[in-house]
Amino acid sequence: MNMRGKTVTRLEITRAPDGLAAPPAQLGGTASSACAIAIIGAGFSGTMAAIHLRRLLPPDQVIFLIERSGRFARGLAYADTGAAHLLNVRAANMSAFPDDAGHFERWVEANAANWPGEIHRTPAGIFATRRFYGRYLRAALHAEISASGGTVRLLADEVQALAPTPGGWRLACRSGKSIEAAGVVLAAGNLPASRPCDGVEFRDPWTPAALADLQPDAPVLLVGTGLTMVDLVMALHARGFRGPVVALSRRGLLPHPHEVIGQAWPIPTFTSVERGTAAGLLRAVRAQLQAAQAQGIGWRAVIDSLRPITADLWYDLPEPERARFLRHLRPYWDIHRHRMAPPAAATIQNLLGSGGLRIVRGRVREVERRPGDATVTFDNRATGVPETMEVQRVIYATGLQGQRAGMGLLPNLLAAGQAQLDRQELGLAVTKSLAVIDAQGNPARNLWALGPIVRGVFWECLAVPDIRVQARQLSQAIATSLTFAQPR
């Protein structure tokens with residue numbers, strides 16, 4: 001294939017290396033290049049930005065991929081943990097490359113025998129574990145590094161601050177290293193928050209301590225009933241935990257399971273009036289559902305047809321309508337749009353039937369913590385009166401919540417006025433072309449962001465099918481905006 005005058009060969013990746021870390025030679029010395037692009041964060045978003053930029057930029061262009069953990073192409077979602085969390089998207093839609101839909105499926109077939117138990121074949125499709133997908137992503141990055149001839153460089157360090165320079169940005173790292181770059185891409189995942197933990201109450205459900213040292217029979221409270229709750233329940237089940245688990249949310253809604261889709265539904269076209277309000281979009285989607293039902297097509301196909309246009313629909317919604325959607329419609333959207341893999345759904349149903357899991361409609365009012373346990377007071381929406389429960393652990397599984405607190409690069413950017421939050425405070429404010437907006441409302445020069453950190457602007461940018469497109473689009477924008485990237 002030809003990109004901007006240079007030939008790019010398709011890389012067929014085979015097995016992933018067991019680990020992918022920055023080689024010692026790439027960690028030492030001065031990490032600078034007058035025309036470098038620095039990508040901060042090496043989860044899926046940062047990894048795919050690096051891969052696309054490597055293919056679009058001149059062959060001698062240096063790309064720094066910086067990851068504070070030193071573990072590249074994993075991120076929180078695809079870390080090699082002890083729990084076999086399943087992806088909630090079919091393998092058929094998990095290719096890292098938007099122009100090669102079968103890329104991951106081919107990798108699955110070539111590598112499934114090497115990791116037995118990581119692939120689940122169901123009538124609704126093939127579902128892989130998150131850690132298996134992490135191996136795939138590391139293999140893709142490893143192949144790209146090999147093809148780059150050394151221009152894609154891994155740096156295990158934490159960027160703490162950015163300072164503008166005449167030629168771009170200077171990155172100040174925890175190690176004391178200073179990195180000069182013409183442009184910077186923020187791919188740091190979710191907006192960091194202050195997540196206090198005292199051993200009983202956990203705001204971060206993914207910290208290993210959240211499920212550690214549990215008494216085998218004492219209750220655990222999970223606040224939230226979405227896919228994060230499902231992952232935690234599956235992890236508890238895999239660990240052999242047999243105590244009661246209570247999952248509490250205001251509406252008590254569970255994600256629907258994936259099923260066989262059958263016939264696809266065409267991408268709908270909405271009028272400007274329908275696109276102008278959350279209620280208008282709701283009526284328009286309901287009309288699509290009714291039309292599909294009349295043709296014997298299920299609702300899943302209709303919801304899936306919205307995926308290519310969801311970001312644009314959200315971007316065009318006025319801020320008050322976005323707030324209205326978040327307040328009233330988001331829970332219903334989430335359970336239809338973000339579904340459980342069939343094996344996970346079966347486990348959840350079995351636990352509900354046996355009493356090992358109980359779903360409660362309510363809202364936490366107070367958590368009285370003590371060493372080793374807590375008394376939780378909550379409003380029970382079924383009875384209409386406050387109740388209490390004694391639990392050994394309270395884990396918040398409410399999904400992503402925008403908060404200002406925390407330490408690190410992003411809070412420092414906000415404090416310096418180099419960035420601002422979106423109006424809903426779900427992440428950073430960016431332009432439609434993903435340029436970061438500073439405190440004065442101006443697009444920052446050669447500073448971009450992508451992935452979950454911009455979810456407040458684009459909403460559906462949390463999963464692979466959405467981020468892979470965003471990464472390619474951002475890379476194309478960078479390649480055309482920087483003078484050194486013009487065709488020679």
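Predicted model: local features only at pLDDT ≥ 70, side-chain atom pairs only at ≥ 80, totals over all residues.
## Salt bridges, strand pairing and nonpolar cores

The count of salt bridges comes to 23.

### Salt bridges

| Pair | Distance (N to O) |
|---|---|
| Glu-158 and Arg-174 | 2.9 Å |
| Arg-369 and Glu-201 | 2.6 Å |
| Asp-334 and Arg-330 | 3.2 Å |

The pair of Glu-158 and Arg-174 links distant parts of the chain, 16 residues apart. Glu-158 belongs to the loop between β7 (152-155) and β8 (159-165), whereas Arg-174 is found in the loop between β9 (168-173) and β10 (178-181). Glu-158 has a relative accessibility of 16% and therefore counts as buried, the limit being under 20%. Arg-174, in contrast, is exposed, with a relative accessible area of 56%. Beyond residues up to four places away in sequence, Glu-158 touches Arg-68, Ala-172, Cys-173, Arg-174 and Gly-408.

Asp-334 and Arg-330 are both placed in helix α10 (residues 319-337), where four residues, about one turn of the helix, separate them. Asp-334 is partly exposed at 23% relative accessible area, while Arg-330 is buried at 17%.

Salt bridges also link Arg-54, Arg-55 and Glu-144 in a network.

### Strand pairing

Seven strands form an open sheet with mixed pairing, in the order β12-β18-β13-β14-β15-β16-β17. Its edge strands are β12 (201-202) and β17 (385-391), each of which pairs on one side only. Within the sheet, β13 (residues 220-223) and β14 (residues 245-249) are joined in the parallel sense by four bridges. Opposite Leu-221 stands Val-246 in β14.

Elsewhere, strands β5 (residues 119-122) and β6 (residues 125-128) run antiparallel and are joined by four bridges. These two strands make a hairpin, with two residues between them. His-120 has Phe-127 in β6 as its bridge partner.

### Nonpolar cores and cysteines

In soluble globular proteins, nonpolar side chains tend to be buried together. The largest nonpolar core of this model comprises 86 residues. Those with the most contacts inside this core are Ile-39, Phe-104, Tyr-133, Leu-162, Leu-171 and Leu-186. Helix α4 (residues 130-148) gives the most to the core, contributing eight residues. Another core, of 25 residues, lies apart from the largest one and includes Leu-232, Val-245, Met-340 and Leu-351.

Leaving aside residues up to four places away in sequence, Ile-39 touches Gly-46, Ala-49, Ala-50, Leu-53, Ile-63, Phe-64, Leu-65, Ile-66, Val-185 and Ala-187.

The structure holds zero disulfides.

Methods. Residues numbered from 1 in each chain as written. Heavy atoms only, no water. Pairing = 2+ DSSP bridges. Disulfide = S-S within 2.5 Å. Buried < 20%, exposed > 50% of the residue type's maximum accessible area, 1.4 Å probe, protein only. Contact = heavy atoms within 4.5 Å. Core = buried A, V, L, I, M, F, W, Y, C linked by side-chain atoms within 4.5 Å. Salt bridge = Lys/Arg side-chain N within 4 Å of Asp/Glu carboxyl O.
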